[in-house]
Amino acid sequence: MALLLTPEPIEVGTSGVYLGNYELLGGRRPGVTGVLTSWISGAAVSSRAQGWLGSDARGRLVLVVQSETPDGTQRLTLARVAENQLQGSGDSSFRWGPRGPAELTRQPR
């Protein structure tokens, strides 16, 4: 798989209490947007991805990414294990989609 992140920072929120467009409770988190490319049924499929940053119980940076493909949803949950490396797992909502261990390493420009 490959994840290309865009340089524009965003704020995301997956839930909260709203009065019209005004958020009363809940919070926004730092987020990312980009393109996730993975192999599905032997072909490279690229789709828009959104994610958010947080931390786990050990204080490590965590990145959760979700992408909607024509076949269904893909989700990655990755934790920082080194300066330019994230490890974790991924899953798909469709049975022929990718799932299992995932590792992303930042590539130089």
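This is a predicted model: local features need pLDDT of at least 70, side-chain atom pairs count only at pLDDT 80 or more; totals for chains, interfaces and linings use all residues.
Residues are numbered from 1 along each chain as its sequence is written, and side-chain values use heavy atoms, with hydrogens and water left out.

I will start with the overall picture. The chain has zero helices and ten strands. Of the 109 residues in the chain, 28% are buried. Buried here means under 20% relative accessible area, exposed means over 50%, and partly exposed is in between, with a 1.4 Å probe and protein chains only. As for contacts, meaning heavy atoms within 4.5 Å, residues 24 or more positions apart account for 25% of those with a separation of 6 or more.

Strand S6, residues 43-55, pairs with strand S7, residues 61-69, in the antiparallel sense over seven bridges. Two strands count as paired if DSSP finds at least two bridges between them. Trp52 stands opposite Val64 in S7. Five residues lie between S6 and S7 in this hairpin, and Gly59 in the turn has a positive phi of about 85°.

Staying with S6, look at Ser47, which lies in that strand. Is Ser47 buried or exposed? Ser47 counts as buried, at 7% relative accessibility. Its side chain and that of Ser67 are joined by a polar contact of 2.4 Å. A polar contact is a pair of N or O atoms within 3.5 Å; within protein, one must be able to donate a hydrogen and the other to accept it, and residues adjacent in sequence count only if both atoms are side-chain atoms. Leaving out residues up to four places away in sequence, Ser47 touches Gly34, Val35, Leu36, Ser67, Glu68 and Thr69.

Another serine to look at is Ser92, in strand S9, residues 85-92. Ser92 is also buried, at 7% relative accessibility. From Ser92 the side chain reaches the backbone oxygen of Pro98 at 2.6 Å. Pro98 is also among the residues that Ser92 touches beyond four places in sequence, together with Thr73, Gln74, Gly97 and Arg99.

Ala2 lies in strand S1 and is partly exposed, with a relative accessible area of 41%. Beyond four places in sequence, Ala2 is in contact with Val35, Leu36 and Thr37. Val35 is 33 residues from Ala2 along the chain, and their C-alpha atoms are separated by 8.1 Å.

On to charges. How many salt bridges does a search of the whole structure find? The search finds three. The term means a side-chain nitrogen of Lys or Arg within 4 Å of a carboxyl oxygen of Asp or Glu. In general, side chains of opposite charge can pair when their charged atoms come close.

One of the salt bridges joins Arg60 to Asp56, with the closest N and O atoms 2.8 Å apart. Arg60 is partly exposed at 26% relative accessibility, and Asp56 is partly exposed at 23%. Another links the side chains of Arg80 and Glu83, at 3.1 Å from N to O. Here Arg80 is partly exposed at 34%, while Glu83 counts as exposed at 63%. Asp91 and Arg99 also form a salt bridge, and their closest N and O atoms are 3.2 Å apart. Asp91 is partly exposed at 42%, as is Arg99 at 46%.

Last, the largest pocket. On a 1 Å grid over the protein atoms alone, a pocket is an open set of points where a 1.4 Å probe fits, with protein on both sides within 12 Å along at least five of seven lines; lining residues have an atom within 4 Å of a point. The largest pocket holds about 880 Å³ of space; that volume is the space filled by probe spheres set on the points, which are joined across faces, edges and corners. Which residues lie nearest its centre? Among the 25 residues of the lining, these are Leu3, Leu5, Leu86, Arg106 and Gln107. S1 supplies the largest share of the lining, four residues.

Technical notes
Helices (H or I, at least four residues) and strands (E, at least two) are DSSP runs, numbered from the N terminus.
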